[in-house]
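I opened the model to look at a strand and its partners, then at the ligand site. My notes follow the display.

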Amino acid sequence: MARTVLITGATGFLGRNLLDRLLQVSPDDTYLLLVRSHAAERRIRRRYPLMEDDQLRIVYGDLRDDRLGLSSSDRRRLCRTVDEIWHVAGSTSFHRSDAALLRETNVNGTRYLIDLAQQCRHGPPIYFVSTFYVCGITAGSVEEDGLPPCGRFRNAYERTKWEAEKVLRVWRGPFVVFRPSIVLGHSQTLDPQGERRMMYGYLLGVACGVHKHLKTHGQSLWAHLQRPEASPLRVSLRMIGNNQTRKNFVCVDDVVRILVAVARRAGPAALGRTFHIVNPKTMVGTAIGRALERALNVKGIRYVGDRVERPSELERSVLRWTRPFVPYTIHSDPPASMENAEQLLGRDAQVARMTAERFTRMLRSFVERELIRRDGRVFHA
Ligand SMILES: NC(=O)c1ccc[n+]([C@@H]2O[C@H](COP(=O)([O-])OP(=O)(O)OC[C@H]3O[C@@H](n4cnc5c(N)ncnc54)[C@H](OP(=O)(O)O)[C@@H]3O)[C@@H](O)[C@H]2O)c1
């Protein structure tokens, strides 16, 4: 029977990919998208120009409002019709100054969504996209089912995602938690799909730091990137980070494929469970440094541990642009497995292995699509 599915965060990186996948797998369902602005609605209409209004409906709302910012009539309609909720929206800022926003969006927003679910006639399950980083900084392996102990977090983002999971678990209603690691673009096309945060944000930070520094000396990374035949630009760039750090990356198409497969195939058997979506093949710090060099066509990037002694102007510039990401370059991600998804989906739980080659090509693809083809707007800003 056709479902009515409420999705939060459908305008975001994961949410738009999830919606594409849901439309592919369950084309007869009706999708209600909670968005917070007309601009967001316009983005959705542009993406799905042929979609009938009654299959893809916009509902205005805001997670930070205790009534989710819904009009009374929208709220009544949702309570009457919704069969399933995908909670993908969240604030993903790593900036300290966004701590209050992170709490309001990630923790309170989840609470308000649960209030709505409790009032829904059909008792919809909430499929919640959490993050593998709710484990915080830890060396031990992380259990899938259950909440890891409240540990040492790198930032308010991790803490508030942990708290949101807790809120969900205290609730006695039906839920499923997904914990992807760091999500990159498409495994085959390598397209970053407009994503500019997480690993791409870090790459962007390195690029901006180098460019701004070169500019003060009458040079330009932007001009250099436009000449792919040029030999690598020599820099002497020590960065905070460990060569042996291990990081976990997955591709967005794998993530949404597994999300939807778990929900559609397991149905009630998935309820109350947690699913890691992680890569069996991690990237080591040295390989990440090499990939940054190749993506930016520079030579001379080195990770030197948890501080850079007497930083040069260039090093200070790069640090300024990459600071929020630094905690991720120091501590390794703990060992991770995705046994729950494997048990349920067998081979369909496999994800594209993040080899150094694939990783480098993905970063390079970001540089080509987001920097070069967009006229280096990010550098001119
Ligand atoms: N990207 C990753 O590497 C990664 C990895 C693991 C887990 N996750 C989790 O996946 C989820 C989605 O991440 P993403 O990378 O897709 O982030 P994103 O691109 O920043 O998208 C965030 C989405 O949340 C919406 N949103 C933010 N605040 C809202 C509010 N107050 N009310 C309603 N909607 C709001 C945004 O709407 P607007 O378009 O209006 O801004 C957007 O649709 C997050 O919860 C994140 O924790 C992401």
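**Conventions.** I number residues from 1 along each chain as its sequence is written. The model is predicted, so I take local features only at pLDDT of at least 70 and side-chain atom pairs only at pLDDT 80 or more, while totals for chains, interfaces and linings use all residues. Helices (H or I, at least four residues) and strands (E, at least two) are DSSP runs, numbered from the N terminus.

**Strand β5.** I looked up residues 126-129. I126 and F128 point one way, Y127 and V129 the other. In a regular strand the side chains alternate between the two faces of the sheet. All four are buried (20 or more other C-beta atoms within 10 Å of the residue's own, with C-beta atoms placed from the backbone).

**Partners.** Pairing needs at least two DSSP bridges between two strands. β4 (residues 84-87) runs parallel to β5 over three bridges. There W86 faces Y127. β6 (residues 175-180) is also parallel to β5, over four bridges. Here V129 sits opposite F178.

**Crossovers.** I checked the handedness next. β4, helix α4 (residues 99-119) and β5 form a right-handed β-α-β unit. β5, helix α5 (residues 156-170) and β6 form a right-handed one too. Right-handed means a clockwise path from first strand over helix to second, with the strands pointing away from the viewer.

**Ligand.** Which residues come nearest to the ligand? T11, G12, A89, G90 and V183 do, out of 26 around it. α1 (13-25) and β7 (182-184) each give two or more residues to the shell. α1 gives the most, with three.

Notes. A residue is buried if 20 or more other C-beta atoms lie within 10 Å of its own, exposed if 12 or fewer, and partly exposed in between; C-beta atoms are placed from the backbone. A residue is near a molecule or strand if its C-beta atom, placed from the backbone, lies within 6 Å of it.
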